[in-house]
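Thanks for coming. I will go through one structure today, residue by residue where that helps, and then turn to its pocket.

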Amino acid sequence: MKTTETSAPVPAESGTTVTKTDAPPGPPAKEKKEGTVLNVFSHGILVLWAFMVVLPLLWAVMTSFKDDASIFGSPWSLPDKLHFDNWSRAWTEANMSDYFLNTVLVVGGSLIGTLVLGSMAAYVLARFDFPGNRFIYYLFIGGMSFPIMLALVPLFYVVNNMGLLNTIHGLILVYIAYSLPFTVFFLTAFFRTLPSSVAEAAFVDGASHSRTFFQIMLPMAKPGLISVGIFNFLGQWNQYMLPTVLNTDPDKRVLTQGLVQLAVSQGYKGDWSGLFAGLVMAMLPVLAAYIIFQRQVVQGLTAGALK
């Protein structure tokens, strides 16, 4: 009777004997073809989506260097020359410099406050068990589902009664309260993925809870902080409804209010070239922040899944 051997002993360098087995069969040709078709289709959708996002941005940048006649006469053509006076006019005459400074103050203060308070609350909810833990957590979750439009009228009276209407610090406090629910929800899930052994070792060495949080756990949560910080930065920088209701002082307007004012300042004879220049000014900080921190954003979003 004839037999077929499928494996043979192969001497290894260490003197032991290993068995050489046949390689497992690869996937069928039909599955390879289906996977190739799916990859081509998904990449095609991504390319189409990239064009839909990038082309309007490029068109806005190109239009910011045109004059008003070229914008309406040949909107899709390249500018005959670069009109840098659009940018200088929007920055000085349209007070975009003041609006930009107010926005930096409001968003910077609210972003720092949101990350500090949100990370502290999320750390306690994620790492400590106490009565009411889940109830407080679900209160923050409920804050994410509450439409801000329903709170505008009572929020206006609350801020007015506190004497914070038309103030920079009043707007900062409202932005912090508006951003805390999502921040706590995001960072609570992130802190749960961090190893407990590091904190326990710090406690054994005599570190307090506050020192353990600020010097050990918070630096470990840097990817999550950057990710949620970028999301909050985008939402707060582009916020229009809250400052419109709570900030009616012309000297304390933010960029979104300034762009609307620039659009309607001259009635039907709007400064369209200056408007596009101001629009690009408002867009560049957000775009630059995302380009710089895009790797950290991806790391923060995938850290929990990879853990």
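**Notes on a predicted model**

Start with valine 153, which is found in helix α6, residues 152-161. Helices here are DSSP runs (H or I, at least four residues; strands would be E, at least two), numbered from the N terminus. Before going on: this is a predicted model, where local features need pLDDT of at least 70 and side-chain atom pairs count only at pLDDT 80 or more, while totals for chains, interfaces and linings use all residues. Residues are numbered from 1 along each chain as its sequence is written, and side-chain values use heavy atoms, with hydrogens and water left out.

Is valine 153 buried or exposed? Its relative accessible area is 56%, so valine 153 is exposed. The cut-offs are under 20% for buried, over 50% for exposed and partly exposed in between, with a 1.4 Å probe and protein chains only. Valine 153 lies 92 residues from valine 245 in sequence, and the C-alpha to C-alpha distance is 8.7 Å.

Now two loop residues. Serine 64 sits in the loop between α1 (29-63) and α2 (68-73). Serine 64 has a relative accessible area of 0% and is therefore buried. Beyond its neighbours within four places in sequence, serine 64 has contacts (heavy atoms within 4.5 Å) with residues including His83, Trp87, Phe276 and Val280.

Asparagine 247 is in the loop between α11 and α12. At 1% relative accessibility, asparagine 247 is also a buried residue. Setting aside residues up to four places away in sequence, asparagine 247 touches Asn166, Leu171, Leu242, Lys252, Arg253, Val254 and Gln257.

Gln257 is also one of the buried residues of helix α12 (residues 255-264), among them Leu255, Leu259 and Leu262. What do the buried residues of α12 pack against? They pack against α4 (96-127), α10, α11 (241-246) and α13 (272-292).

Next, the rings. The whole structure has 17 aromatic pairs. Rings of Phe, Tyr and Trp (its six-membered ring) pair if their centres lie within 6.5 Å; planes under 30 degrees apart are stacked, over 60 edge-to-face, and the rest tilted. Phenylalanine 182 and phenylalanine 231 have ring centres 6.2 Å apart and planes at 85°, so this pair is edge-to-face. The pair links distant parts of the chain, with phenylalanine 182 in helix α7 (residues 168-192) and phenylalanine 231 in helix α10 (residues 222-237), 49 residues apart. Phenylalanine 182 is partly exposed at 29% relative accessibility, and phenylalanine 231 is partly exposed at 35%.

Phenylalanine 213 and phenylalanine 214 also form an edge-to-face pair, at 4.8 Å centre to centre and 75° between the planes. Phenylalanine 213 is buried at 4%, whereas phenylalanine 214 is partly exposed at 43%. Ring pairs link Phe213 and Phe214 into a cluster with Tyr123, Phe128 and Phe191.

Last, the largest pocket. A pocket, on a 1 Å grid over the protein atoms alone, is an open set of points where a 1.4 Å probe fits, with protein on both sides within 12 Å along at least five of seven lines; lining residues have an atom within 4 Å of a point. The largest pocket is lined by 22 residues, and Ile148, Ala177, Tyr178, Ser179 and Pro181 lie nearest its centre. Which helix gives the most to the lining? That is α7, with eight residues.
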